[in-house]
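Reader: Hi! Could we go through the charged pairs together?
Author: Happy to, let's start once it is on screen.

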Amino acid sequence: MSTVWTEAEAPAVAAPAPATAPRPEIKIERETHKLEKRLCREVGKAIVDFNMIEEGDKVMVCMSGGKDSYTLLDILLKLKARAPIHFDLVAVNLDQKQPGFPEHVLPEYLKSTGVPFHIENEDTYSIVKKLIPEGKTTCSLCSRLRRGILYRVADELGCTKIALGHHRDDILQTLLLNMFFGGKMKSMPPKLVSDDGKHVVIRPLAYVAEKDTARWSAHRDFPIIPCNLCGSQENLQRKQVGEMLREWEKKFPGRVENMFTALQNVVPSHLLDGGLYDFKNARATGIASEDGDKAFDKEEFAAPSPTLPGVQVVQLS
């Protein structure tokens, strides 16, 4: 089943004639083809790994007008055409009545795709500006208002899943934000049940790097709509953490990928949460365990991969 989900079907690019240098346009076409295959593969893998979409689902794809939600819808449409199951998509945009919002852009684009869509008009902008003092970040209140409205719309449209455009970098940023400012080891799950227990929220881009959604968006020339409400808040903690991650990846390629892999390889017995592991009742059993702690050994890590120059090897005393 996963093969059908993840197999890319973009047409193969013809090879250039022997003994001639590839033309620049052919090289670009090849790279774009590879990017499309990677996006389809990673989104398909996330869907299968977390059972995000099932037979008969009606998936509400939340469209903000940003590069990530455009990419999400675009790739889901490609996968829908060859998925081993039947499911439907409906694109939904919440027009929050921000001044200058180009309300014609998304409807025109969505009509061109042929996907069913719904535009919900709610003036959350005025509410946020009224309640949040000037200079304070608006994201928290805006998010709560938007979430409640989208849950209601999902009910009205009969949607069984709500798909959001959060990608791998969003997930890592949330992890670090919770660690730095919330005192929690917590991130964005790829699939969750909403607080009211009525909705299943999925993040099919969970394995996708932000740089790939940016490249795909540029290639497809999506009509991007900036968020004037919060996009101009340069001191947002999330923006600062995002810049830190990008700097790490630039200096030490592979570090961000390793961090994301760590979220999928959690060892509760080697953390400090007594709710996840019963430290109080830990007793010697006399039975050897490969997962046991080598208490007097230094922690050693593999040497840097030759394909990942700059990754630092660290020994912990």
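Reader: Which residue does Asp169 meet in a salt bridge?
Author: Asp169 pairs with Arg168, at 3.8 Å from N to O. A salt bridge here is a side-chain nitrogen of Lys or Arg within 4 Å of a carboxyl oxygen of Asp or Glu. This is a predicted model, in which local features need pLDDT of at least 70 and side-chain atom pairs count only at pLDDT 80 or more, while totals for chains, interfaces and linings use all residues. Residues are numbered from 1 along each chain as its sequence is written, and side-chain values use heavy atoms, with hydrogens and water left out.

Reader: Thanks! Are Asp169 and Arg168 buried or exposed?
Author: Both Asp169 and Arg168 are buried. Buried means under 20% relative accessible area, exposed over 50%, and partly exposed in between (1.4 Å probe, protein chains only).

Reader: New topic: how many salt bridges does the structure hold?
Author: There are 19 salt bridges. One of them links Lys45 to Asp49, with the closest N and O atoms 2.6 Å apart.

Reader: Where do Lys45 and Asp49 lie?
Author: Both are in helix α2 (residues 24-49), four residues apart, about one turn of the helix. Helices are DSSP runs (H or I, at least four residues), numbered from the N terminus.

Reader: And what is the relative accessibility of Lys45?
Author: Lys45 has 42%, so Lys45 counts as partly exposed. Asp49 is partly exposed too, at 40%.

Reader: Which residue does Arg246 form a salt bridge with?
Author: Its partner is Glu210, with the closest N and O atoms 3.8 Å apart. Arg246 is in helix α9 (residues 237-251) and Glu210 in helix α8 (residues 210-220), so this pair ties together parts 36 residues apart in sequence. Through shared partners, salt bridges join Lys67, Asp68, Glu210 and Arg246 into one network.

How values were computed:
Helix = DSSP H or I, 4+ residues; strand = E, 2+ residues; numbered from the N terminus.
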